[in-house]
Amino acid sequence: MISFYPGPSKLREGIGQYLQEAFASDILTYNHRNAEFVTVIADTVAILKDKLAIPEAYEIYFVNSATECWQIISQSLVIAHAVHLYNGAFGQRWMEFAQSLGVNTTGISYAIHSNLPIYEGTAEDLICITNCETSNGTYISGNQLKLLREANPRALIAVDATSCMAGVSLPIALADVWFASVQKCFGLPSGLGIMVCSPAAVARAKALNHRAYYNSMVRLHEKMQATQTNNTPNMLGIYMLGKVMQASANIAEIEKQTILKAEILRYYFRQHLDYQLLIPEDELASSTVIAVKGEEAAIQQLKIEAKKQGFLLGNGYGDWAKNTFRIANFPAHSQEDIKNLISFFKNH
Ligand SMILES: *Cc1c(COP(=O)(O)O)cnc(C)c1O
């Protein structure tokens, strides 16, 4: 079975071997504050920065999930006001989390066929966006983010990049917090979140000094000074993340492959009479999560047939639960996987 589910999904090559190596090396039996594991964290941070082109001044923290990152950011970085720009279920859920934490929140929803609205706020704002909205396959291009940054040169911008980080090249310097969990483009087993923070984000976390939660950002920052985490982390996940990044091409090369595979898929669905791309506009569509729309009954049947043939398609999500399916186009998916999937579609 090849999983094209947008997370968890097909694992990257080598995961089985890295599991064995972790076991054989005894690393998982050390205390997480011992020098042996501190070295694993330091190496993983260094290789992430190298392969994903993350500016040296940004800090990287390891947490437990992207959902936890929503909470950490909303709890740690709001001065008086958070603004959430969203067009789908994940962005909306983050805003609802912020509201339930008591954050003064403004939600600005926008249509899936529209550009990101360029909100103009104050230097004290926290602006939250979802770079790849996994529920509908929309994407915020670097150009859109640049306009948002130019309209808000001093506000903090936080970006949920869960289903695109490590799959496409991200303009890290244009925002202050980027986060993801590893079961999407990183192609790892779930249970590890990665948060990438600018000096301005760290400075605000320190100034606000919110400590009510065990993983608040100021606590993460303080422990990372000693290359440590607040709680005993997912040591296996961090170890394997380092190995996966070591074996990976740099992000510019990975992005070329991601875009090429996305173009193959998108070209195919443009020709198809029964199915259409949910986001036909190239400049608004994600390359890593592709949503396809059709008749409800046909989609249900297609998913069943696909599974019989060894292809797991992603269900639709939220508003699109019944009349779409989603295809993950992550680095673990080879060009051959994509071509085999298209051969299946051609016969159905
Ligand atoms: C998958 C996903 C999440 C949730 O990730 P968890 O690891 O389950 O917390 C959040 N945001 C986006 C955009 C996602 O795709």
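This is a predicted model: local features need pLDDT of at least 70, side-chain atom pairs count only at pLDDT 80 or more; totals for chains, interfaces and linings use all residues.
Residues are numbered from 1 along each chain as its sequence is written, and side-chain values use heavy atoms, with hydrogens and water left out.

Back to our serine. Ser76 belongs to helix H3 (residues 66-76); helices (H or I, at least four residues) and strands (E, at least two) are DSSP runs, numbered from the N terminus. With a relative accessible area of 2%, Ser76 is buried, a word that stands for under 20% relative accessible area with a 1.4 Å probe and protein chains only. Its side chain reaches the backbone oxygen of Ile72 at 2.7 Å.

Now for the aromatic rings. Rings of Phe, Tyr and Trp (its six-membered ring) pair if their centres lie within 6.5 Å; planes under 30 degrees apart count as stacked, over 60 as edge-to-face and the rest as tilted. By this rule there are 12 aromatic pairs. One of them joins Phe269 and Phe345, edge-to-face, at 5.1 Å centre to centre with 70 degrees between the planes. Phe269 sits in helix H9 (residues 251-271) and Phe345 in helix H11 (residues 335-346), so this pair ties together parts that are 76 residues apart in sequence. Both Phe269 and Phe345 are buried.

Another edge-to-face pair is made by Tyr275 and Phe325, with 6.0 Å centre to centre and 80 degrees between the planes. Because Tyr275 lies in the loop between H9 and strand S11 (276-277) and Phe325 in strand S15 (residues 324-328), the pair ties together parts that are 50 residues apart in sequence. Tyr275 is buried at a relative accessible area of 6%, and Phe325 is buried at 0%.

A search of the whole structure finds 5 cavities of 30 Å³ or more. On a 1 Å grid over the protein atoms alone, a cavity is a set of points where a 1.4 Å probe fits but cannot get out, and lining residues have an atom within 4 Å of a point. The largest cavity has a volume of about 90 Å³, volume being the space filled by probe spheres set on the points. Of the 16 residues that line this cavity, Tyr110, Ser114, Tyr139, Ile140 and Leu284 are the closest to its centre.

Key: On a 1 Å grid over the protein atoms alone, a cavity is a set of points where a 1.4 Å probe fits but cannot get out, and a pocket is an open set with protein on both sides within 12 Å along at least five of seven lines; lining residues have an atom within 4 Å of a point. Buried means under 20% relative accessible area, exposed over 50%, partly exposed in between (1.4 Å probe, protein chains only). A polar contact is a pair of N or O atoms within 3.5 Å; within protein, one must be able to donate a hydrogen and the other to accept it, and residues adjacent in sequence count only if both atoms are side-chain atoms.
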